[in-house]
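Me: I would like to go through this structure step by step. Could we begin with how its helices pack?

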Amino acid sequence: MPYLGGEEAQRELRRALSNPHVQADPARYRGAVLRVIRLMAQGADVSGLFPEMVKAGAVPDVVQKKLVSFYVRAQAPRQPQLALLAVNSLRKDCAHPSPAVRGLALRTMCGLRMPGIQEYLQQPLVNGLRDKASYVRRAAVLGCAKMVKLQGDCEVDGALVNELYSLLRDQDPIVVVNCLRALEEILKKEGGVVINKPIAHHLLNRMPDLDQWGQSEVLTFLLRYKPRSEDELFDILNLLDGYLKSSSASVVMAATKLFLVLAREYPDVQADVLVRVKGPLLSACTSESRELCFTALCHVRQILRSLPGHFSSHYKKFFCSYSEPHYIKCQKMEVLCELVNDENVQQVLEELKSYCTDVSEELAQGAIFAVANIARTYTDQCVGILTELLGLQQEHITSAVVRAFRDLAWLCPQCTDAVCQALPGCEDTIQDSEGKQALVWLLGTHGEKIPNAPYVLEDFVENVKSETFPAVKMELLTALVRLFLARPAECQDMLGRLLYYCIEEEQDMAVRDRGLFYYRLLQSGVEEVKRVLCSPKSDPSLGLLGDQSKQPVNAWALDFNTLATVYGRERWALISAQQPVEPSYSCSPCADSRNTDTESPVSEGNKEVLEVQPDTHMSEENKELLKVHPDAGSLSLIPDVSLTAEQFEKTWLSLDTSCQLSLPWCGPVHADTIQTALRVVHIHTIAMSKTGAQPWKAYLSAQDDSGCLFLTELLLEAADAELQVSVKQNEAKPEALQCFISALRTVLEAVAGLES
Amino acid sequence: MIGGLFIYNHKGEVLISRVYRDDIGTANTLHCGDSESRCKTPILKQSSLEVTCNWKASGDPNPPGALSLPSKVCRVWRRNAVDAFRVNVIHARQQVRSPVTNIARTSFFHVKRSNIWLAAVTKQNVNAAMVFEFLYKMCDVMTAYFGKISEENIKNNFVLIYELLDEILDFGYPQNSETGALKTFITQQGIKSQTKEEQSQITSQVTGQIGWRREGIKYRRNELFLDVLESVNLLMSPQGQVLSAHVSGRVVMKSYLSGMPECKFGMNDKIVIEKQGKGTADETGKSGKQSIAIDDCTFHQCVRLSKFDSERSISFIPPDGEFELMRYRTTKDIILPFRVIPLVREVGRTKLEVKVVIKSNFKPSLLAQKIEVRIPTPLNTSGVQVICMKGKAKYKASENAIVWKIKRMAGMKESQISAEIELLPTNDKKKWARPPISMNFEVPFAPSGLKVRYLKVFEPKLNYSDHDVIKWVRYIGRSGIYETRC
């Protein structure tokens, strides 16, 4: 590799940076600094240049200061001692005459992530909050949030909070919004920033001055305010009216949400709002910014769920054009399905029909299912279209159509005849499992209406040996027995052959058992078989169930303009459900700062981190570890849990996972180290794989003083850089769980830090 | 709130990465396994600021690529969300399913510009529209600073981009993002240190009541430029029936005006004209034709909405430099600059005859430019013979299309192309889906019919009047998605 070697490059740069001639020429000086940054960006180790770089930051040139700040922030955590050097010069910069420099210095200081920085931060921040330049105030306000986040466990300073609240009256709009954001983060534990009447009214008055991000966020904060009276409510709505037509889609959506939520008791106001945002939403839906268009379409679908006819007259806006990306086409098809009515059904179906032959198979099938969806209301036209598609003899199209037919025959019995007439001939084109199953089901259930049904099924029976999908074989058995009841003469022989094959030759157990079952059922007499198999052939009521009945607006008003709408409710529920103890994630920096605290002084020792704490003071030690979460109360794990491996296994299997998380991990796990470390905090090891085993597993248990059990599994897959942790709890105590997890996490992270 | 921002190239290499929040990429560990130093310690954990450039030395003449990644000194471990995005989205086989992707409980909002991916990452339940708008804004700002967003430009300007990212996002919250205002903070590599005057500007600009304009702007020549930029979208059936058509337009203003000017903008909006033209019946009849119905319009923050609602007048104090005054959409009475008449005939199983006529439908004195007609061909095309009356036509096998380019074309003209497409015989029974014929062009008028009637400037404090301001108006109509099915 033609690489010069980091050392040499560093030495050269050091020489350049400390050369008085270079320092005298601003352009050359900055060139040298720039080279350091480049090197750092490429991943080289330039930490050795720290003192020179800090010195380079003490020039009047703002651009150079920025570069240095960039360097310092990246390097400070590696060199906490030297970072103090930087702190000094940064503090000096905080009193610089130029506001740009003051602001930069504040931001840099708040960005240093090293232990003990808080004490140096406090004073400059307080000064920054009172600075005459708003640029500095903006940085200072968010700096407060960063500082509080850094210290994590300490009590929130009441004076600071008050200062921030008073800054809500600042002249500068961005300072106001930043204050809201900072307060929200600082007061997270108490439920965020309080929006009372004076604050709400103040914010309402400031709205016109804010930029689009500010407006959008303030509108979201205002959701928290509950107007006292009807008059006040309508005053607010009137004031905010203009934002429903803002040029920024995000402001429009935020305003819509606020309106819907505030007017939750006035359905007609809500309806009116939805009519008024129709225009802006439609223009977002047809805008060239595709991602925004996608977001808007998701929201349109949400609205349609409550007001099915809402966009009907604009149905043409939702026609897909050829060059649009896949995700927009899919959304548009869904929208089209929902806004069909008597007037536009013809055009919409024509349009959907043209998508059915799209090059993308996925899209084509989507379009077919969309038509099938409309068929529940407009049966005849849709069945006509679907039948026509069968004529193309395309594998994926025929398969999708037959599947659609099966569902239709079940939901709308009136179309059975039409479906049955269309079926002959399909069997040659269908290749996939789903399609075959659907076809076989139709032939079996409605065989008496399809003249050649037995012959088609006979082909299937002939080829059953080469059939790859067991599900098709099962379906074939059921269908043939059904058809046998309707047309015994034609089917008896092949049913015999099929049963023989299934029982004697089939490898798949499920198919064999199904075969045996039908064989024995047939032995008990035809009447009995009829009683078992001849269930109803359709169930229209299922369609009504499946149809989403009209949701009231209030059911989704709170989800509007959040990711829940974009992902879809079900998926969002899934995503958010995986985060049962979300706070423990956002608290991770506290755990980390704690981690670095203990770690830095003992860089060459290994286990001392945990062993310095005396074994006898267990409960205190726990608190020590757990004080990270002051709100969590005290969790004390009792030192001896008598849990045998069998008991553990039994309990483990009977419980659901209460929390799952993954921690970064590199290299193998040293079982002894972990075991020792965990014993210190009274987490006991039940079983553990050997060091180096792949995958590596361990089972741990612990019990707190109230008798609540915590069972844990650690799993490290081969070649995985993450340690999967799953915790189960025999009593639902979220707070205790959180404490336990943070304790566990701290220990594991400490061990991880020692080992790698 | 945004947890982090990443810029990838088309290979999925991270060009720029800026992490604002700890919850993003929790597995980010920067390891330093320096062989010289005694201990191996994991050092930077969840740094609030991370720097990475993955570009290699391959033929890049510029210094960023001059050194290749040293394997020994430092290695960045990032088996985390950032990589997950590469695997799941950039390298994914199938088409992008959604512009918002959730990987490991982290939402990735991504936007693609040429072959560069911009992704904003967050773990919070955020407002999707806002994140996308922010990304667009980010692209605008970058374009304003260094032109086209391309891999090379990003590599060459990486310091500037980090500087910008530092300024427009703080702790993951969008801050000031107006290009004009940003330019006072970020001098594009400008060597000059700030003068006293500029420093005071920074102070006054943000202490003033109007966030988008600073005080004390002076120009020797007061000038303003108005651009009416429209994109016309059409979907037409083979029979020539308009399935859907709309124009989305923007009025972009570049103002170089001194002081705090008060501007008033007038256009041929139907509602306004009807309000004013209540005089004689003759007048309304005449103006009725020329006025247009705007379906929906939105304005820049500086426009006083209350005045617009009550009097439908658009008055504002403009930001300095370029900004988007208004954005609108019309669907009625659109002048479709071109008609495409396709004729496709299948001659047997191995031949296809295509004839396409385009007709320009505007004043003969005007010239349309950059006309491009794209006629799709079946996948099993073996050869194409093209004859066209005007311009150049070529069959591009890689794009499965005949591309017909005409540099200029006057109004009320007609041009024709005919092509014989030979097909390979295939067993595939699949019918050719016949994608629509699409068109690109640029015309010097507004297809919606919008006209700027006046733009008046008043500056009460400084003594220049409306007449002293030099005003330029330009109309550009471009094709959006302009498709005719065949």
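Me: How do the axes of helix 14 and helix 15 of chain A cross, and within what distance do they come?
Reply: This is a predicted model. In it, the axes of helix 14 (residues 230-240) and helix 15 of chain A come within 11 Å and cross at roughly 165°.

Me: Which residues make the contact?
Reply: Helix 14 of chain A contributes Leu233(A), Ile236(A), Leu237(A) and Leu240(A). From helix 15 of chain A come Leu258(A), Phe259(A) and Leu262(A).

Me: What about helix 17 of chain A: is it covered or open?
Reply: Helix 17 (residues 278-285) of chain A is mostly covered, with eight of its eight residues buried. Among them are Lys278(A), Pro280(A) and Cys285(A).

Me: What do those buried residues pack against?
Reply: Within chain A, the buried residues of helix 17 pack against helix 15 (249-262), helix 16 (267-276) and helix 18 (290-306). In chain B, they pack against strand 14 (296-299) and strand 16 (321-330).

Me: Why is strand 16 of chain B described as largely enclosed?
Reply: Strand 16 of chain B is largely enclosed by the rest of the structure because seven of its 10 residues are buried.

Me: Which strands are joined to strand 16 of chain B by bridges?
Reply: Strand 12 (residues 242-256) of chain B runs antiparallel to strand 16 of chain B and is joined to it by nine bridges. One of the pairings places Val251(B) with Met326(B) of strand 16. Strand 14 of chain B is also antiparallel to strand 16 of chain B, with four bridges between them. Asp296(B) stands opposite Arg329(B) in strand 16 of chain B.

Me: Changing topic, how many residues are in the largest nonpolar core?
Reply: The largest nonpolar core has 256 residues. Tyr71(A), Phe318(A), Ile374(A), Phe405(A) and Phe109(B) have the most contacts inside it. Helix 2 (residues 128-146) of chain B supplies the largest share of this core, 14 residues.

Me: Which residues does Tyr71(A) contact, leaving aside its neighbours within four places in sequence?
Reply: Those contacts of Tyr71(A) include Val36(A), Ile37(A), Met40(A), Leu49(A) and Phe50(A).

Me: How many residues does the second, separate core have?
Reply: The second, separate core has 33 residues, including Val247(B), Val356(B), Ile358(B) and Ile375(B).

How values were computed
Residues numbered from 1 in each chain as written. Chains lettered and ligands numbered in written order. Predicted model: local features only at pLDDT ≥ 70, side-chain atom pairs only at ≥ 80, totals over all residues. Heavy atoms only, no water. Buried < 20%, exposed > 50% of the residue type's maximum accessible area, 1.4 Å probe, protein only. Helix = DSSP H or I, 4+ residues; strand = E, 2+ residues; numbered from the N terminus. Contact = heavy atoms within 4.5 Å. Pairing = 2+ DSSP bridges. Core = buried A, V, L, I, M, F, W, Y, C linked by side-chain atoms within 4.5 Å. Axes fitted to C-alpha atoms, helices over the stretch in contact; angles between N-to-C directions.
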